[in-house]
Amino acid sequence: MSLYQTATSTAKASVYASPSANLQDRLQSNDSHPARDMDDITHFLLELDALKHVNRRNYITQNDVASEFRIENSAEHSWHLAMACWSIAEAFELKVNHEKLLKMALIHDLGEIDAGDTFLYANTRKDAHIKERDGIARLQSERGNGIAELSKIWEEQETGNSAETQLLKVVDRLLPFLLNIKTQGRTWIELGVKRSQVAAAHVFIKDSFPTIHQWMTAQLDYAAEQGWLITG
């Protein structure tokens, strides 16, 4: 069964609990709340901040015609990935665990802090997960890390086959494809990407999410017609 076929027509309502007291009061009244060293906590937060320095290959869309094209960083991509997964899950009413999905999206590229970004069509792509896994292991053991299941969640999004993992992988391929379409194939042209490479990288989406694959195929045909991809 494809991911798309797990969609349900049943409307879902979100319920948010209202706290009886503000956060500070609640924490101060909780004697069991463990003491934490804020120097350690903020140390880890700055370790995460390093993802902003990892540049990808895709260009973001322009705000106006006078704006300069600039490339996207991995932190921006992670935010976009999380929001896109959330939006698509809601739009298609998919039966997925939203908390699990968003956590996986947010940590998806954390290993790139140490490993850097690997272009989708690079020859070294197949080995990228090795250095990324090492980077996640380092972050897991870093002082101040409050996320006990960081490595476990990363491993699931990397090697798992849950509905959440399937959706994540589909959207992770959709977003850079979309940016290339909206920037007139700028990255594809600069790096000499072939139409066959793009088609092969997205063929799995046909089984996981046929609606998205159908749309991407039509866009791919258009991109080839425009000369943004090398035919072959």
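Modeller: Just after helix 8, Q184 takes a positive phi of about 55 degrees, where helices (H or I, at least four residues) and strands (E, at least two) are DSSP runs numbered from the N terminus. This is a predicted model, in which local features need pLDDT of at least 70 and side-chain atom pairs count only at pLDDT 80 or more, while totals for chains, interfaces and linings use all residues. Residues are numbered from 1 along each chain as its sequence is written, and side-chain values use heavy atoms, with hydrogens and water left out.

Rolling a probe the size of a water molecule over the atoms shows where empty space is left. Here a pocket is an open set of points on a 1 Å grid over the protein atoms alone, where a 1.4 Å probe fits and protein lies on both sides within 12 Å along at least five of seven lines, and lining residues have an atom within 4 Å of a point. Grid points are joined across faces, edges and corners, and a volume is the space filled by probe spheres set on them. The largest pocket has a volume of about 620 Å³, and of the 30 residues that line it, H108, L120, R125, D172 and R173 are the closest to its centre. At least two lining residues each come from strand 1 (55–59), helix 6 (128–141), helix 7 (150–159), helix 8 (163–182) and helix 9 (186–191), and helix 8 supplies the largest share, 7 residues. The lining divides into 9 nonpolar, 9 polar and 12 charged residues, with Ala, Val, Leu, Ile, Met, Phe, Trp, Tyr, Cys and Pro counted as nonpolar, Asp, Glu, Lys and Arg as charged, and the others, Gly among them, as polar.

The second largest pocket holds about 260 Å³ of space, and its lining includes F44, L48, K103, L106, I107 and I153. Helix 2 (38–49), helix 3 (74–91), helix 4 (98–107) and helix 7 each give two or more residues to this lining, and helix 4 gives the most, with 3 residues.

Side chains of opposite charge can pair when their charged atoms come close. K103 forms a salt bridge with E99, the closest N and O atoms being 2.9 Å apart; a salt bridge here is a side-chain nitrogen of Lys or Arg within 4 Å of a carboxyl oxygen of Asp or Glu. E99 and K103 both belong to helix 4, and because they are 4 residues apart they are separated by about one helical turn. E99 is exposed, at 52% relative accessible area, whereas K103 is partly exposed, at 38%.

The whole structure has 18 salt bridges. In one of them the side chains of R143 and D40 meet at 2.5 Å, N to O; R143 lies in the loop between helix 6 and helix 7 and D40 in helix 2, so the pair ties together parts that are 103 residues apart in sequence. Both partners are partly exposed, R143 at 44% relative accessibility and D40 at 25%. A salt bridge also joins R138 and E47, with 3.0 Å between the closest N and O atoms, and this pair links distant parts of the chain, R138 in helix 6 and E47 in helix 2, 91 residues apart. R138 is partly exposed, at 26%.

Finally, R56, R57, E72, D109 and D117 are linked in a network of salt bridges. S74, in helix 3, is buried at 0% relative accessibility; leaving aside neighbours within four places in sequence, S74 is in contact (heavy atoms within 4.5 Å) with residues that include R56 and D109.

How values were computed: Buried means under 20% relative accessible area, exposed over 50%, partly exposed in between (1.4 Å probe, protein chains only).
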